[in-house]
Amino acid sequence: MNQEIRDKYEVVIGLEVHAQLQTESKIFAADAASFGASPNTHISPITLGHPGTLPKLNKRAVEFAMKMGIACNSQITENQYFDRKNYFYPDLPKGYQITQDKTPICMGGGVHVKLSTGEKTVRFHHIHLEEDAGKSLHIDGSSDSLLDYNRAGTPLIEMVTEPEIKSAEEAATFMTEVRKLVRYLGICDGNMEEGSLRCDVNISVMPVGSKVFGTKVEIKNMNSMRFIQKAIEYEIVRQIDAVENNEKIIQETRSFDPATGRTSGMREKESMNDYRYFPEPDLVPLVISEEWLSSVKAQMPALPWELLAKFTKEYGLPEYDAHVLTDSREIAEYFEATCKFTKHYKAVSNWIMGTVKSYLNDHNLEITQLSITPEQLAQLIQLVDDGKVSNTTASHQIFPEMIADNTKTPLQIAEAKNLIQQSNTDTLQTLVDEVLANNPAKVKEYKNGKKGLLSMFMGEIMKKSKGSADPKVTTALLQKTLENL
């Protein structure tokens with residue numbers, strides 16, 4: 001699209017983010033809420049909406065929603081009730097969804113994001129609790145659809161932003177921060193591929209300076225940061241083209257096809273009246289007391305921005321290190337656990353960001369699956385700091401052995417494999433003398449100004465010592481010897 005035309009319009013985006021809460025059971029029934037079971041095995045008469053069944057609210061789901069609100073500086077609603085949202089769809093067994101319409105559990109608040117253009121807080125209008133629907137499966141070549149009700153009744157929070165997101169980058173960055181936050185809080189695994197975190201994108205365009213929003217279009221069930229960006233970018237161009245050509249934009253629900261990078265119409269968007277909201281008669285009002293709210297606040301973990309400040313101030317790490325280490329709660333916890341056994345905080349950071357993360361990435365593992373304990377990593381770092389082994393030896397020879405057998409200490413491995421650095425100056429001097437005696441021509445070149453040969457001499461000494469020579473001590477001895485020749 002011509003940039004001049006693009007600059008005539010302002011993009012208005014609002015997100016509705018759905019996060020499945022990691023409770024053991026569903027929000028209104030005792031059925032398991034875990035992912036991956038065989039179809040229709042986590043169901044009961046309550047989930048299926050059989051006549052005469054009554055829902056019962058899951059207390060933990062409420063507390064998880066409160067945690068999100070507390071983390072985002074939202075106002076927790078004291079008196080709440082649930083509503084029925086009526087619509088008919090094959091994977092909605094009751095014919096309605098129990099949700100919160102008039103009294104969402106959290107009001108206001110927001111999530112801070114850092115963009116290429118600066119920083120801002122994307123504000124929430126509200127966060128509400130509701131139950132998820134089931135899942136329709138459409139098999140190629142078949143005229144039938146299969147229904148799996150395992151997901152029906154899984155507890156959700158829906159986080160509705162204000163319509164103030166201005167770009168695809170901002171939307172994806174916001175979603176990245178939300179995913180990090182729900183994982184830190186331990187309320188959702190943030191797995192977008194499995195649908196436990198997904199969002200609907202509401203997008204419109206209007207002339208720059210206009211006070212009236214354009215017609216809003218909704219793109220449903222986006223479950224990838226990349227797809228969110230691509231869908232928004234496509235839709236911006238589509239809507240601007242339509243306006244430029246005096247075509248009417250329909251208020252509708254659209255889907256995104258990753259294969260083509262295009263959105264396509266599914267159905268015209270329902271209005272709020274079409275849902276015929278009314279209070280859920282089978283659930284008593286929900287009251288959040290000060291005591292209950294205080295107890296949930298007391299259970300809050302350290303949040304990413306709190307740890308970021310702690311890592312730079314208390315541990316003296318560069319801001320880059322702190323950002324990398326706090327990207328995951330588990331990595332941040334491993335770093336802090338290791339720092340209980342050593343004061344070499346920057347070395348811990350280097351090891352986790354380097355050798356440890358490389359190993360985890362290569363083997364598709366999480367840091368919680370690492371067989372090396374924080375104490376053992378601290379012991380390895382101390383071994384290097386004491387000058388007993390080089391950093392290279394520790395990383396390439398001792399670390400793999402610790403992975404293979406974590407019952408041995410780094411020192412035991414180093415001793416068993418004869419990796420302890422030789423720092424006895426008499427022994428090292430003998431090696432230096434032997435190497436220089438064997439290379440008289442190179443010594444002459446060095447004396448004539450070819451100082452780069454120092455590394456060649458060091459390489460020969462390390463070969464003779466089988467890597468056990470202390471590099472610092474050896475280098476000093478070698479330079480001194482060459483000067484005196």
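Is Glu460 buried, exposed or partly exposed? Glu460 counts as partly exposed, because its relative accessibility is 30% and that class runs between the 20% and 50% cut-offs. Keep in mind that this is a predicted model.

Glu460 has a partner. Its side chain meets that of Lys463 in a salt bridge, with N and O 3.6 Å apart. Look for both residues in helix H15, which spans residues 453-464. They sit three residues apart, about one turn of the helix. Lys463 counts as exposed, because its relative accessibility is 61% and exposed means over 50%.

Salt bridges can also share partners. Glu235, Arg238, Glu252 and Arg254 are joined in this way into one network.

Why do such pairs form at all? Side chains of opposite charge can pair when their charged atoms come close. This structure holds 24 salt bridges.

Asp321 forms a salt bridge with Lys346, and the closest N and O atoms are 3.0 Å apart. Asp321 lies in helix H7 (residues 319-325) and Lys346 in helix H9 (residues 345-362), so this pair ties together parts 25 residues apart in sequence. Is Asp321 buried or exposed? Asp321 counts as buried, at 4% relative accessibility. Lys346 is partly exposed, with a relative accessible area of 36%.

The side chains of Arg151 and Asp132 meet in a salt bridge of 3.5 Å, N to O. This pair links distant parts of the chain, 19 residues apart. Arg151 is in the loop between strand E10 (145-148) and strand E11 (155-161). Asp132 is in the loop between strand E8 (118-131) and strand E9 (135-138). Asp132 counts as buried, because its relative accessibility is 6% and buried means under 20%. Arg151 is partly exposed, with a relative accessible area of 26%.

Finally, turn to how two helices pack. Helix H13 covers residues 425-438, and helix H16 covers residues 471-484. Their axes are 10 Å apart, at an angle of about 50 degrees. The two helices are therefore oblique to each other. H13 passes H16 in a right-handed crossing.

Which residues of H13 and H16 meet? On the H13 side they are Thr425, Leu428, Gln429, Val432, Asp433 and Leu436. On the H16 side they are Val473, Thr474, Leu477, Leu478, Thr481 and Leu482. By class, this contact has seven nonpolar, four polar and one charged residues.

Key
Residues are numbered from 1 along each chain as its sequence is written. This is a predicted model: local features need pLDDT of at least 70, side-chain atom pairs count only at pLDDT 80 or more; totals for chains, interfaces and linings use all residues. Side-chain values use heavy atoms; hydrogens and water are left out. A salt bridge is a side-chain nitrogen of Lys or Arg within 4 Å of a carboxyl oxygen of Asp or Glu. Helices (H or I, at least four residues) and strands (E, at least two) are DSSP runs, numbered from the N terminus. Buried means under 20% relative accessible area, exposed over 50%, partly exposed in between (1.4 Å probe, protein chains only). Axes are lines fitted to C-alpha atoms, for helices over the stretch in contact, and angles run from 0 to 180 degrees between N-to-C directions. Angles under 35 degrees count as roughly parallel, over 145 as roughly antiparallel, 65 to 115 as roughly perpendicular and the rest as oblique. A crossing is left-handed if the near helix is turned anticlockwise from the far one by less than a right angle, and right-handed if clockwise. Contact means heavy atoms within 4.5 Å. Ala, Val, Leu, Ile, Met, Phe, Trp, Tyr, Cys and Pro count as nonpolar, Asp, Glu, Lys and Arg as charged, and the others, Gly among them, as polar.
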